[in-house]
Amino acid sequence: MANHLSSLKRIRQNHTRRLRNKYAYKSTKTAIKKLLIDKKNKKQYSIVISMIDKLSKKNIIHVNKASRLKKKLTKKLLF
C-alpha cells in the first residue's frame with residue numbers, strides 16, 4: 001500500500017476515472033445493442049455515433065476501434 005499522500009490521492013483519482021470511463025463505455029455498448037434491436041431509428045443512430053466519437057476523443061477506446069464500430073453499425077443498418 002502507498003504511503004505518500006500524493007500516491008494515495010493518485011489512487012483515488014484513478015479509481016474515480018476508471019469508474020467514469022467504465023460507465024461511459026457500458027452505456028455506449030447498451031445504446032448500440034438497443035439500436036441494433038430497433039433498426040429504423042435514425043435519431044438514435046446519430047446519438048450512438050456521437051457517443052462513439054466522444055469515447056474515442058477521450059481516449060477511452062482507440063480511434064480505429066471507434067471507426068470499426070461506426071462502420072459495422074452503418075453496414076448493418078443501411079438507411
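At 14% relative accessibility, Ser56 falls in the buried class. Keep in mind that the model you're looking at is predicted. Let's work through it.

**Exercise 1. Find out where Ser56 sits and what surrounds it.**

Step 1: Locate the residue. Ser56 is part of helix H2.

Step 2: Check the burial class. Buried means under 20% relative accessible area, so Ser56, at 14%, counts as buried.

Step 3: Look for a polar partner. A polar atom of the Ser56 side chain is 2.9 Å from the backbone oxygen of Asp53.

Step 4: List the neighbours, skipping residues up to four places away in sequence. Ser56 then touches Ile61, His62, Val63 and Ala66.

**Exercise 2. Work out how H2 and H3 run relative to each other.**

Step 1: Pick the right quantities. Two packed helices are described by the angle between their axes and the distance between the axes.

Step 2: Read them off. Helix H2 covers residues 42-57 and helix H3 residues 63-77; their axes come within 8 Å and cross at roughly 170°.

Step 3: Name the arrangement. Angles over 145 degrees count as roughly antiparallel, so H2 is roughly antiparallel to H3.

Step 4: H2 and H3 cross in a right-handed way.

Step 5: See who makes the contact. From H2 come Tyr45, Val48, Ile49, Ile52, Asp53 and Ser56, and from H3 come Val63, Ala66, Leu69, Lys70, Leu73, Thr74 and Leu77. Sorted by class, the residues of this H2 and H3 contact are 9 nonpolar, 2 polar and 2 charged.

**Exercise 3. Describe Asn59, in the loop between H2 and H3.**

Step 1: Check the backbone. Asn59 has a phi near 60°, which is a positive value in a residue other than glycine.

Step 2: Decide on burial. The cut-off for exposed is over 50%; Asn59 has a relative accessible area of 65%, so Asn59 is exposed.

**Exercise 4. Finish with H1 and H3: what is their arrangement?**

Step 1: Take the axes again. The H1 and H3 axes come within 11 Å and cross at roughly 15°.

Step 2: Apply the cut-off. Angles under 35 degrees count as roughly parallel, so H1 is roughly parallel to H3. H1 passes H3 with a left-handed crossing.

Step 3: List the contact. H1 contributes Tyr25, Ile32, Leu35 and Leu36, while H3 contributes Lys65, Leu69, Leu73, Lys76 and Leu77. The H1 and H3 contact has 7 nonpolar, no polar and 2 charged residues.

Key. Residues are numbered from 1 along each chain as its sequence is written. This is a predicted model: local features need pLDDT of at least 70, side-chain atom pairs count only at pLDDT 80 or more; totals for chains, interfaces and linings use all residues. Side-chain values use heavy atoms; hydrogens and water are left out. Axes are lines fitted to C-alpha atoms, for helices over the stretch in contact, and angles run from 0 to 180 degrees between N-to-C directions. Helices (H or I, at least four residues) and strands (E, at least two) are DSSP runs, numbered from the N terminus. Angles under 35 degrees count as roughly parallel, over 145 as roughly antiparallel, 65 to 115 as roughly perpendicular and the rest as oblique. A crossing is left-handed if the near helix is turned anticlockwise from the far one by less than a right angle, and right-handed if clockwise. Contact means heavy atoms within 4.5 Å. Ala, Val, Leu, Ile, Met, Phe, Trp, Tyr, Cys and Pro count as nonpolar, Asp, Glu, Lys and Arg as charged, and the others, Gly among them, as polar. Buried means under 20% relative accessible area, exposed over 50%, partly exposed in between (1.4 Å probe, protein chains only). A polar contact is a pair of N or O atoms within 3.5 Å; within protein, one must be able to donate a hydrogen and the other to accept it, and residues adjacent in sequence count only if both atoms are side-chain atoms.
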